[in-house]
Amino acid sequence: MTSRIPRDSRLRLVRPRPLAAAPTAVNGRRPRRPAPRPPEGTPAPAELAGIARSGLAAAARVARWADAALGPGRAGGTDDGKATLSDATAERAARDLGLTPAQVRADWDTARLAGLIEVHGDSARPGWRLRAWDRDDSAVLRGWVALFDAWSLATPEPADQEPAAVAEVVSAMPQVLSFLQLSAGPVPVEQLLDLLRQRVTELRTERCEVSYGPEAGTASPETPAPSADADPAEPAQARELAPLLDWALGALASVGALTCDDAQATLTPLGSWAVWVKLEQICVAAQSPAGNIEVSAEEMLRGCAQLRPNAARAEYRAWLAARPVGSAVTELLSAARGEDALLRGLAFEALRVVGAPAEPDVHAVVEEPALRPYALLWLAEHDGADPEDAHEVLTREEATWLWVDTAAAVADHGEAPMLVRHLESAVQPTVPALLDEVRAVGHPRTVQVLVALAAAHPDPALAKAVRRAAFQVHTGGS
């Protein structure tokens with residue numbers, strides 16, 4: 001019987017797609033949650049990004065100076081292992097930029113909080129957001145939201161306040177911000193103080209804290225006796241919280257989230273939008289689209305295997321929003337280490353949703369053979385590489401290993417025609433070259449993948465060559 005395809009037929013070279021996994025034939029239709037719309041009057045994303053660029057212009061300027069003047073691998077940038085500018089570097093930047101060293105340090109800290117500068121071990125380097133700053137509005141907005149999330153670090157906390165009280169105020173401020181967002185206008189600071197006082201009381205009640213000092217019993221001579229229906233702790237609590245509220249509002253104003261004039265606070269358009277985004281995230285966490293929010297990472301990924309990419313990303317976001325980032329990343333990487341190649345690909349798709357907070361953990365698994373190609377692709381995309389070109393960071397051997405791993409996912413969860421189409425994504429120009437390198441790469445699923453490919457391929461001659469390669473791998477022959 002003659003073959004319809006020559007044995008050394010050229011493989012059509014195509015750029016590998018993000019190797020999440022093969023979509024399955026099953027695609028149950030689920031009611032889709034309508035895309036949430038921001039409150040009426042919210043500026044368009046491009047306008048919001050313009051406001052954010054303007055507010056972070058000084059931070060971006062310092063980050064670009066550091067990128068050009070210091071460069072990767074050069075000494076003198078930081079001196080404490082935390083990417084804090086050394087005195088010499090701060091003075092040099094001040095001279096070059098026409099600023100004071102204090103201004104340089106402030107802008108540097110803002111750039112770090114916004115992800116324009118990223119800390120890696122004992123050094124700092126330009127973040128991927130800086131690379132995309134002028135062309136990617138979503139990167140700019142994510143950078144500003146990162147700064148907004150870190151508002152309590154943007155301004156030093158009052159030195160005369162107890163750390164526990166500061167922590168309570170930081171925990172209570174989301175409710176204050178939500179109230180500001182829902183009010184859609186100026187709110188008296190006195191009203192916010194009352195709301196903050198209520199929320200702090202709730203937090204203390206949840207922790208079952210009871211006062212055992214003089215305030216719980218008799219009043220001191222200097223303190224007026226409270227009325228019969230008044231909370232004895234309220235006056236002291238108001239005095240305690242007022243300066244902390246002033247600090248919190250000042251810190252939020254410094255990052256551009258609100259304005260404070262005439263004893264009234266008002267969210268800026270960026271601040272209102274960011275609070276709305278946070279509220280939406282809470283809603284997503286409370287109502288997972290596919291109901292996987294409370295399960296393990298492995299179960300969640302298996303549930304997402306049957307979803308379309310957009311629906312899967314929504315599920316990843318919901319699952320992540322309900323967990324601390326650190327533990328979620330650890331759980332995803334643990335699932336990626338399993339035997340199921342499908343979960344490996346999906347786990348790194350979920351890590352793409354995590355973004356920058358996952359970078360140290362992804363860096364840490366680069367030396368693990370099973371995860372190395374996925375980690376290298378993730379890091380390349382995180383550093384700004386086009387997803388279509390990210391595969392160029394892989395060596396030929398790593399690309400071949402990844403081809404086999406993805407083929408294993410397709411063989412386990414996809415259909416025969418999909419496995420045949422996967423042949424086209426190999427980096428090797430011919431089938432014989434592919435088989436030679438597949439045999440050499442040593443993937444534990446090589447035999448099963450080749451047997452499945454031989455059974456699926458319609459060309460008898462090519463199928464025979466693939467079966468022969470599978471037998472040689474199985475027996476250790478050549």
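Colleague: Is C304 buried or exposed?
Modeller: This is a predicted model, and in it the relative accessibility of C304 comes to 1%. Buried residues are those under 20%, so with its 1% C304 counts as buried.

Colleague: Which class of accessibility does C260 fall into?
Modeller: The relative accessibility of C260 is 38%. Because partly exposed covers the range between the 20% limit for buried and the 50% limit for exposed, C260 counts as partly exposed.

Colleague: How many disulfides are counted?
Modeller: The rule asks for a pair of cysteine sulfur atoms within 2.5 Å. By this rule, the number of disulfides is 0.

Colleague: How are α17 and α18 oriented to each other?
Modeller: The axes of helix α17 (residues 372–382) and helix α18 (residues 396–413) come within 9 Å and cross at roughly 110°. The contact involves R372, P373, Y374, L376 and L377 on the α17 side, and E398, W401, L402, D405 and T406 on the α18 side. These contact residues divide into 6 nonpolar, 1 polar and 3 charged. Since angles of 65 to 115 degrees fall in one class, α17 and α18 are therefore roughly perpendicular.

Colleague: Which strands stand at the edges of the open sheet of 3 strands?
Modeller: The sheet has the order β3-β5-β4, with antiparallel pairing. Each edge strand has a single partner, so one side of each is left without a neighbour in the sheet; the edge strands are β3 (187–188) and β4 (258–261).

Colleague: Which residue of β5 stands opposite V187?
Modeller: β3 pairs with strand β5 (residues 264–267) in the antiparallel sense over 2 bridges. Opposite V187, the residue in β5 is A265.

Technical notes. Residues are numbered from 1 along each chain as its sequence is written. This is a predicted model: local features need pLDDT of at least 70, side-chain atom pairs count only at pLDDT 80 or more; totals for chains, interfaces and linings use all residues. Side-chain values use heavy atoms; hydrogens and water are left out. Buried means under 20% relative accessible area, exposed over 50%, partly exposed in between (1.4 Å probe, protein chains only). Axes are lines fitted to C-alpha atoms, for helices over the stretch in contact, and angles run from 0 to 180 degrees between N-to-C directions. Helices (H or I, at least four residues) and strands (E, at least two) are DSSP runs, numbered from the N terminus. Angles under 35 degrees count as roughly parallel, over 145 as roughly antiparallel, 65 to 115 as roughly perpendicular and the rest as oblique. Contact means heavy atoms within 4.5 Å. Ala, Val, Leu, Ile, Met, Phe, Trp, Tyr, Cys and Pro count as nonpolar, Asp, Glu, Lys and Arg as charged, and the others, Gly among them, as polar. Two strands pair if DSSP finds at least two bridges between them.
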